[in-house]
Amino acid sequence: MFSFDVAGRAVLVTGGDEHAARDVAALLAAGADVTVRAAEVCAAVQDLADRGLISWQPAAPENPPDYDVVLRPRPRSQPTEAREAGRGSVVLVGGGPGDESLLTVAGRDAVAQADVVVMDRLAPWGALAWARPDAEIIDVAKIPFGRSTSQEVINTLLVEHATAGRRVVRLKGGDSFVFGRGMEEVQACAAAGVPTRVIPGVTASISAPALAGIPVTHRGLSQGFTVISGHVPPGHPQSTLDYGALARSGTTLVVLMGVHTLPAIVAALLAAGMDPATPAAVVADGSRPSQQVVVSTLAELPGAVARAGVQAPAVAVIGDVVSTRAVSPAPPG
């Protein structure tokens with residue numbers, strides 16, 4: 001995306017909208033030290049700042065530091081006018097674990113053809129480099145304990161743009177049907193008579209461990225894996241999981257969305273009889289330059305994660321397969 005090397009350079013981005021988020025994602029992937037200066041930023045940029053991956057200055061400091069590169073807002077093309085009413089469509093694209101190079105070829109083609117791209121927080125924002133200049137970018141990020149767009153609003157956006165005749169891409173992280181609420185969007189579009197297509201994505205439940213050198217199955221160690229949501233802790237009224245059965249399953253356990261509930265999940269597994277010495281790991285920011293891996297035992301995992309300052313998004317892997325990790329492959333780039 002850049003005609004010069006930005007690795008290790010201090011880069012100032014003077015803008016914080018969805019198009020700036022695309023530039024920030026590309027800069028981070030290229031190894032730049034990024035500062036955003038804007039009075040307001042979109043949720044995706046705010047999330048990166050909250051996680052300490054970039055700096056955000058709402059206003060210029062009295063003594064501004066020197067920057068190697070300054071990126072200013074570029075002129076934006078006008079959003080695509082509505083096409084023939086009723087001739088629009090929605091394509092749900094699973095964006096993979098975060099690095100845009102792990103988006104499928106079909107997903108990339110869909111982004112390149114879109115009139116409107118509706119983006120999740122964990123979608124590969126660098127993939128917007130393939131979008132048309134006149135494509136409208138809509139940030140509908142759900143930030144944990146922060147700014148959030150309701151699912152009802154997202155459904156309405158998809159239907160309204162498609163019924164106005166636009167080609168809409170709903171770009172998500174991972175796979176749309178693995179804790180991605182993709183089927184809810186398909187159902188909303190179907191109820192409104194909007195044609196919908198699904199392009200699967202590389203789920204983080206498998207890819208994040210793999211990028212950390214951990215297989216979810218391995219001959220002689222694990223004949224299967226179980227993927228669960230850690231969005232609510234054991235014992236919560238909304239939890240439907242049987243942690244006793246999970247502890248006895250003999251499969252690798254993969255926990256998504258479980259950073260904050262990890263202590264409770266580990267306590268439930270130990271109470272159900274799982275060996276405290278079971279190898280375990282957490283992979284944060286899988287496939288991104290900020291990828292972080294913490295390896296421990298089941299009993300010690302919550303403490304190790306806390307000491308390492310791990311933040312979401314992260315994937316926990318519990319099982320003997322973690323013991324096979326000898327090297328950590330470099331993230332794709």
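How many salt bridges does a search of the whole structure find? The search finds 11 salt bridges, where a salt bridge is a side-chain nitrogen of Lys or Arg within 4 Å of a carboxyl oxygen of Asp or Glu. Side chains of opposite charge can pair when their charged atoms come close.

The structure is a predicted model, in which local features need pLDDT of at least 70 and side-chain atom pairs count only at pLDDT 80 or more, while totals for chains, interfaces and linings use all residues. Residues are numbered from 1 along each chain as its sequence is written, and side-chain values use heavy atoms, with hydrogens and water left out.

**View 1. Salt bridge between Arg 121 and Asp 47.** The two side chains meet at 2.9 Å, N to O. The pair links distant parts of the chain, 74 residues apart: Arg 121 lies in the loop between β6 (116–119) and β7 (136–139), and Asp 47 lies in helix α2 (residues 43–50). Helices (H or I, at least four residues) and strands (E, at least two) are DSSP runs, numbered from the N terminus. Arg 121 counts as buried because its relative accessibility is 12%; buried means under 20% relative accessible area, exposed over 50%, and partly exposed in between (1.4 Å probe, protein chains only). Asp 47, at 4% relative accessibility, is likewise buried.

**View 2. The network that includes Asp 47 and Arg 121.** Salt bridges link Asp 47, Arg 51, Arg 121 and Asp 285 in a network.

**View 3. Salt bridge between Asp 115 and Arg 132.** The N to O distance for this pair is 2.9 Å. Distant parts of the chain are again linked, with Asp 115 in the loop between α3 (105–113) and β6, and Arg 132 in the loop between β6 and β7, 17 residues apart. Asp 115 has 1% relative accessibility and therefore counts as buried. Arg 132 has 22% relative accessibility, so this residue counts as partly exposed.

**View 4. Salt bridge between Asp 134 and Arg 132.** The side chains of Asp 134 and Arg 132 meet at 2.9 Å, N to O. Asp 134 counts as partly exposed because its relative accessibility is 22%.

**View 5. Cys 42 and Cys 189.** Cys 42 is buried, at 7% relative accessibility, and Cys 189 is buried, at 0%. The count of disulfides (pairs of cysteine sulfur atoms within 2.5 Å) comes to zero.
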